[in-house]
Amino acid sequence: TGEMLYYGGTVFSTVKVVSVIWGSNVNSQTVATMPGYLKALPNSTFMDLMKEYHTTHVHAVDGHRSSRQKISRGTFISQVQITPQNKSLNLTDNQIHDELRDQISAGNLPPNDLNTVYMIFFPDDITITLDGLTSCTSFGAYHFAINDLRESKNNVFYGVMPGCGYSLQSHEIVTAHEFAEATTDNIPTPGSSPAYPQAWNNSTGYEIGDLCEGTEGTLTAGKNTYYVQQIYVNSLSGCSTGNYTSP
């Protein structure tokens, strides 16, 4: 049965990924690599591992009704470099999601829906704080939802990837971690006592990437080889192993 429990929240049925480049100073390797990487990631055998975290015919542990969703392979929409209105080098999560919402409203980013996740990449010199924690010292990345207390048709889902001086391989691994968790638990709530609107967590609030940090595999798409972090798979009662492919 594994460690992952279902708490009644939503998942991405057919995830659509937008790569968001925060200004003009994001690492050039990241800018060049992420379109190909984020095209391969949702359309891969790595993505297929997440299909077992569907919510059809699954009862929430707290009795909440199921979202009744299946998880299938997804798509990459586009990469967009935005010119942020907020020029600060010290950002809070609230400022990030305000900027994201403004950029969507202005038509600078593809419109949001309940299957779209915006993966945001930042320059190394920007520091981000979340719940009193600081990027690159207390956390390496995270994913979140603008409406984080309830399901909403207007919700905006996003991943925050600080620069942190990561190597390209590390950036890919961190991105895969957050992508997998956003897909299977797209309205996370911080803390060690998971409850609705969360979807798949273990009993102490860890998601499918958290339990497998430090493990990795490759993702091959044509002539390109990328890296992913392995994820916890209930049917294995442990972390996934091996390497993955994308058409």
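Set aside its neighbours within four places in sequence, and Phe46 is in contact (heavy atoms within 4.5 Å) with Leu41, Ala176, Ala180, Val228, Gln229, Ile231 and Tyr244. Phe46 also belongs to the largest nonpolar core, which has 45 residues. A nonpolar core here is a set of buried Ala, Val, Leu, Ile, Met, Phe, Trp, Tyr and Cys residues joined through side-chain atoms within 4.5 Å. Buried means under 20% relative accessible area, exposed means over 50%, and partly exposed lies in between, with a 1.4 Å probe and protein chains only. Tyr37, Leu41, Phe46 and Met50 have the most contacts inside this core. Helix H4 (residues 168-184) gives the largest share of the core, 5 residues. Another core, of 23 residues, lies apart from it; Val20, Leu100, Ile104 and Tyr158 are among its members.

The model is predicted: local features need pLDDT of at least 70, side-chain atom pairs count only at pLDDT 80 or more, and totals for chains, interfaces and linings use all residues. Residues are numbered from 1 along each chain as its sequence is written, and side-chain values use heavy atoms, with hydrogens and water left out.

Now the helices. Helices (H or I, at least four residues) and strands (E, at least two) are DSSP runs, numbered from the N terminus. H4 has 17 residues. From its first C-alpha to its last it reaches 25 Å, close to the 24 Å expected at 1.5 Å a residue. That expected span is 1.5 Å times one less than the number of residues. H4 is largely enclosed by the rest of the structure, because 14 of its 17 residues are buried.

Helix H1 (residues 28-40) has 13 residues and should span 18 Å at 1.5 Å a residue; its end C-alpha atoms are 19 Å apart, which agrees. The buried residues of H1 are Thr30, Thr33, Met34, Tyr37, Leu38 and Ala40. An α-helix has 3.6 residues a turn, so residues three or four places apart point the same way. At the N-terminal end, Asn27 caps H1, with a side-chain oxygen 2.8 Å from the backbone nitrogen of Gln29.

Turn to the strands. Two strands pair if DSSP finds at least two bridges between them. An open sheet of 3 strands runs in the order S4-S6-S7, with mixed pairing. Strand S4 (90-92) and strand S7 (133-134) stand at the edges; each has a single partner strand, so one side of each is left without a neighbour in the sheet. Strand S6 (residues 127-130) pairs with S7 in the antiparallel sense over 2 bridges. Thr129 stands opposite Thr134 in S7.

Strand S8 (residues 142-145) is covered on both faces. Tyr142 and Phe144 are buried on one side, His143 and Ala145 on the other. S8 pairs with strand S9 (residues 157-161) in the antiparallel sense over 4 bridges. Phe157 in S9 is the bridge partner of Ala145.

The loops come next. Ser240 sits between strand S14 (238-239) and strand S15 (244-246). Ser240 counts as buried because its relative accessibility is 4%. Its side chain makes a polar contact of 2.6 Å with that of Gln230. A polar contact is a pair of N or O atoms within 3.5 Å; within protein, one must be able to donate a hydrogen and the other to accept it, and residues adjacent in sequence count only if both atoms are side-chain atoms. Beyond its neighbours within four places in sequence, Ser240 is in contact with Leu49, Gln230, Ile231 and Val233.

Asn115 lies in the loop between helix H3 (93-105) and strand S5 (116-121). Its side chain reaches the backbone nitrogen of Thr14 at 3.2 Å. Leaving aside neighbours within four places in sequence, Asn115 is in contact with Phe12, Ser13, Thr14, Val15 and Lys16.

Some backbone geometry remains. Most residues other than glycine have a negative phi, and most peptide bonds are trans. Arg68, in the loop between helix H2 (45-48) and strand S3 (75-82), has a positive phi near 55 degrees. Arg68 counts as exposed, at 70% relative accessibility. Cys164, in the loop between S9 and H4, has a positive phi of about 55 degrees. Cys164 counts as partly exposed, at 23%. A cis peptide bond joins Tyr196 and Pro197, with omega about 15 degrees. Pro197 lies in the loop between H4 and strand S10 (200-201).
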